[in-house]
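Hi,

Here is the structure I promised to pass on. Have a look at it first, and my notes on what turned up follow below.

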Amino acid sequence: MEEDEGQGPVAAGSSASASLRLHAHALRVERPSAAAGSGNLGRLLEDLRRTRALVSPQELAHRLPATAPTGLEPLDRLLGGGLPEGRVVELAAGREALATALGLRILARLTSEGRTAAIVDRADAFDPRGAAQAGAELKRTLWCRPTSAREAIRAADVLLASGAFSLVILDLAQGHGAGAGAAQGKKREPEISQGAWLRLARDAEASRSSLLVVGGSVAAGVSSASLKASRSKARFLGHGPGRIFDGLDLEIALERNRLGLPPGRVQLSFRSPSHFGGAP
Amino acid sequence: MSRIGCLFVPDLPLQALSRVEPELADHPLAVAEGEGARARVRCVSLQAHTQGVRPGISVGDALSLSPGLILRWVPQELIEAAREAVLDAASNVSPRVEELRPGVALIDASGLQKLHGDDRGVAAALAASAAKLGLDGRAAVASGKKIAEIAAKRGSGLEVIPPGEERAFLAPLPLAALGASSALEETLHRWGIGSAGELAALPASGIGSRLGAEGVALHGLASGVDPEPLWPRGLPETFEEGADFDYELAAIEGLLFVLRPALERLVDRLDCYGMSCSGLELRLLLDPAGEAILPVELAAPTREVASLLSLCRSVIERRPPGAMVRGLRVMAQGAAPRQEQLSLFGRPTVAPEKLATALAKVAAIVGDDRVGSPVLADSHVYESFTLGRFDPPPPPASDGVPCAGEAAPGYGVAALRLFRPPLPAEVRQGRDGPQALRAGSVAGWIVTFAGPWRLDVGWHGEPICRDAFDVELSDGAVYRLVQDARSGRWSLLGRYD
């Protein structure tokens, strides 16, 4: 078995793929000696190859999804280059923050590159003016406002299957109000089935669209990466009546992933839109 | 020499019925007109004809001749739809189409060789196009309008009269077949002339003085001269189909069962012009009287029947007719489908028709007023917007270069997560400003706030005057809080997130 330097087969486990992704050293397999056991090792390697447990770096690179940079360097580092194409990324619903700004940032980046994106806004919380201030091209943004989670899933399914959108943001977060607290007596929406999530993941992969699920913690079964946002600080400038809101800092943690990326967390800073033209 | 094609669809009322109910094709069928004792058979199918049923006999006689006869009165709208379908079928073969009379369409067959081959190919294309729309038509190609019509009516299916052989073709035909009036025919009979060939043999010099203009035209036609030019019609803007039910329908499933074939017929007709459906109007005929008109807006032109059906369903479900339905009419507006040259080297994009279909499906799911491209209203009111048609501009040619619009800034922008509608809030005010708030599940002490900023717009119409604050609560969350300056009421617009 002939293997060149740095081109040897590697195990397709998560840590190995991560190391490859970050251009670290590939696991090298030494040429077996002519001594006894070489035949066994050869057979073992052959078996591993056949069962696709052992792949070459080229094969592995082919398996890993392409990424779309978000334009936020720390987040791109955390995600190994950006938002993976054709995969489901979950932005878990924390009690403190939903990182709407992060979703808009990704939307702005992709649409400003000429791609089209869709927002399936179950929460009906999308802020078009804020998106425009974040740099999103609204002409390339489809805003879909379903009235139930079931409608949202069906709409996302159609949009992903069309292959027309590079990014679909599925916002399933519950609103605050009209009272989230007083909703005890209201009829609870049925859970989204695992089959529906699997279908969405399959559609995303087939169309090479990224699906960003906001507030859908049940997407864990199919998501390739799970991000959790938490608010760290709000910034105000000045004192007294002339004080202005300057922005806020968010901490984004990569909690789990199937991309072979090491877990980590980054701090992201977002500036207030009112600094550049946002009217109250 | 110009060549004219003719598509002739006999027994139009019968064919109009067969289009709507194709399952009747194997039964003895007759279309009646008139009411009560004056009801007469208008046209009959071949099976009914073999059983002795003839046009013009009374309905009672027809039923006594053929006990299994299916007798129908066809509404004029369905006959009109079939009539238009004949023209649509002809338009599928040539863009220059004239309607000679209901059921007879003429086309300019010149220059169609590259598309359909020789004249027989053009005639075959006419008949095939009619068959696609559910019509059983006969076709012919000749050098003139009248000759082509005569050939189509008297032929067995496909007829071609080669140039120069028109006179020979017409010679054995009786004068009535050429369209001679009864008075002129009688005069010629008195002269001992009974066929076109005999008329053509007369010297042309004396015809005018003896038979007038009509005689000259008939003599010319019998001689194979048919110079009348084609008068093509314009493109139709709307297409209508429909069906009447045997019994009244109350359930939407039954309605959709009938609606689907009507939509399929409409899409087939639009396809003849290479058009897509850009809008629909449903007209539900209610029992015992009245109708419900339901417009169906489409996000983009489409030919996908399933999407159109889903949209119609959502519209009917949202606006149920409120009475039993005894018939329906569907009117479609045609529009050119979106065409876009896909780039070989640029970013992969999707065909506009596929995108349009996806949009139509999404509109059917969430409602056509809840999907689109956000458009910022020309207003100082922050949360104001409209939803426009999603029609993204083509992607830039080179990869990764921002579009002509404003590029995304290199930093993140804190965005508001809006509450729709704004949450009514209770606010405790101190000397310096708001101190605590409660709105829905949001409650807490206000640690820091910025503002107020006064917004005073719309004095000439619906005035909005309010003060806005950005407030940070004790749990660290930042909200946009507004107070109506006139009523003093507080509300939460959204949360920075």
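**Salt bridges and the A/B interface**

Counted over all chains, there are 43 salt bridges. Bear in mind that this is a predicted model, so everything here is computed from it.

Let's start where the two chains meet. On the chain B side 72 residues are in contact with 77 residues of chain A. Together the two chains bury about 6,300 Å², and carbon and sulfur atoms give 60% of that area.

As for charges across the interface, three salt bridges are counted between chain B and chain A. One of them pairs Asp124(A) with Arg420(B), where the closest N and O atoms are 3.5 Å apart. Helix α14 of chain B (residues 352–366) gives the largest share of the side that touches chain A, namely eight residues. Sorted by type, the residues on that side of chain B come to 45 nonpolar, 12 polar and 15 charged.

If you want to find the spot, Cys144(A) has Val371(B) as its bridge partner in β13(B).

Now for pairs inside each chain, beginning with chain A. Arg140(A) forms a salt bridge with Glu137(A), with 3.4 Å between the closest N and O atoms. Are these two buried or exposed? Arg140(A) has 3% relative accessibility, so it counts as buried. Glu137(A) counts as buried as well, because its relative accessibility is 14%, and the cut-off for buried is under 20%.

Elsewhere in chain A, Asp249(A) sits in strand β11 (residues 244–257). Its side chain makes a polar contact with the side chain of Arg235(A) at 2.3 Å. Asp249(A) also counts as buried, because its relative accessibility is 13%.

Chain B has a couple of pairs that link distant parts of the chain. In one, Lys132(B) forms a salt bridge with Asp271(B), the closest N and O atoms being 3.1 Å apart. Lys132(B) belongs to helix α6 (residues 119–132) and Asp271(B) to helix α12 (residues 252–272), so to speak 139 residues apart along chain B. Both ends are partly exposed: Lys132(B) has 40% relative accessibility, and Asp271(B) has a relative accessible area of 28%.

The other is Asp244(B) with Arg329(B), a salt bridge whose closest N and O atoms are 2.9 Å apart. Here strand β9 (residues 238–249) holds Asp244(B) and strand β12 (residues 325–335) holds Arg329(B), with the two residues 85 apart. Asp244(B) is partly exposed at 32% relative accessibility, whereas Arg329(B) is buried, with a relative accessible area of 3%.

One more thing to look up in chain B: salt bridges that share partners join Arg19(B), Glu84(B), Asp88(B), Arg233(B), Glu241(B), Arg265(B) and Arg269(B) into one network.

Cheers

Methods:
Residues are numbered from 1 along each chain as its sequence is written. Chains are lettered from A and ligands numbered from 1 in the order in which they are written. This is a predicted model: local features need pLDDT of at least 70, side-chain atom pairs count only at pLDDT 80 or more; totals for chains, interfaces and linings use all residues. Side-chain values use heavy atoms; hydrogens and water are left out. Helices (H or I, at least four residues) and strands (E, at least two) are DSSP runs, numbered from the N terminus. Buried means under 20% relative accessible area, exposed over 50%, partly exposed in between (1.4 Å probe, protein chains only). A polar contact is a pair of N or O atoms within 3.5 Å; within protein, one must be able to donate a hydrogen and the other to accept it, and residues adjacent in sequence count only if both atoms are side-chain atoms. Contact means heavy atoms within 4.5 Å. Buried area is the accessible area (1.4 Å probe) that two parts lose on being put together, summed over both. A salt bridge is a side-chain nitrogen of Lys or Arg within 4 Å of a carboxyl oxygen of Asp or Glu. Ala, Val, Leu, Ile, Met, Phe, Trp, Tyr, Cys and Pro count as nonpolar, Asp, Glu, Lys and Arg as charged, and the others, Gly among them, as polar. Two strands pair if DSSP finds at least two bridges between them.
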